[in-house]
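Notebook open, structure loaded. I want to look at one residue and then at the helices around it.

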Amino acid sequence: MQILNQKILGQNIARIRVKANLTQEDVVAQLQLLGSPLSRDGYASIETGRANIFDSDLVALKQIFGVDFADFFEGIKPS
């Protein structure tokens, strides 16, 4: 399932990645080891809010970054 594209969600993912001292390439390599077909361009599109993210990729990012799901959704108001 895809999670609705949100610019704030992408910004949060980018902020968490930078805080973890990882490049986009680092994250994509780890995602691919976990079975994601995501490319660096696709990942970049998620961080900039131009693309949706699959729930399975968000679960993998949670594992890679060692954060709670709430960290990804910080500042997003429920509709």
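Predicted model: local features only at pLDDT ≥ 70, side-chain atom pairs only at ≥ 80, totals over all residues.

Started with arginine 40: is it buried, partly exposed or exposed? I get 32% relative accessibility, so I put arginine 40 down as partly exposed.

Next I looked up where it sits. Arginine 40 belongs to helix 3, residues 40–47.

Then its contacts. Skipping neighbours within four places in sequence, I find arginine 40 touching Gln24, Glu25 and Val28. With glutamine 24 there is a polar contact, side chain to side chain, at 2.4 Å. I also checked phenylalanine 69: it lies 29 residues from arginine 40 in sequence, and the C-alpha atoms are 22 Å apart.

On to helix 2 (residues 24–33) against helix 3. I have the axes 9 Å apart and the packing angle at about 115 degrees. I noted the crossing of helix 2 past helix 3 as right-handed. On the helix 2 side I list Gln24, Glu25, Val27, Val28 and Leu31; they meet Arg40, Tyr43, Ala44 and Glu47 of helix 3. Sorted by class, this contact has five nonpolar, one polar and three charged residues.

Last, helix 1 (residues 7–19) against helix 3. Their axes come within 7 Å and cross at roughly 115 degrees, so I wrote down helix 1 and helix 3 as roughly perpendicular too. Helix 1 brings Gly10, Gln11, Ile13, Ala14 and Arg17 to the contact, and helix 3 brings Tyr43, Ile46 and Glu47. My class count for helix 1 with helix 3 is four nonpolar, two polar and two charged residues.

Terms used
Residues numbered from 1 in each chain as written. Heavy atoms only, no water. Helix = DSSP H or I, 4+ residues; strand = E, 2+ residues; numbered from the N terminus. Buried < 20%, exposed > 50% of the residue type's maximum accessible area, 1.4 Å probe, protein only. Contact = heavy atoms within 4.5 Å. Polar contact = N/O pair within 3.5 Å; in protein donor to acceptor, adjacent residues only side chain to side chain. Axes fitted to C-alpha atoms, helices over the stretch in contact; angles between N-to-C directions. Parallel < 35°, antiparallel > 145°, perpendicular 65-115°, else oblique. Nonpolar A, V, L, I, M, F, W, Y, C, P; charged D, E, K, R; others polar. Left-handed = near helix turned anticlockwise from the far one by under 90°.
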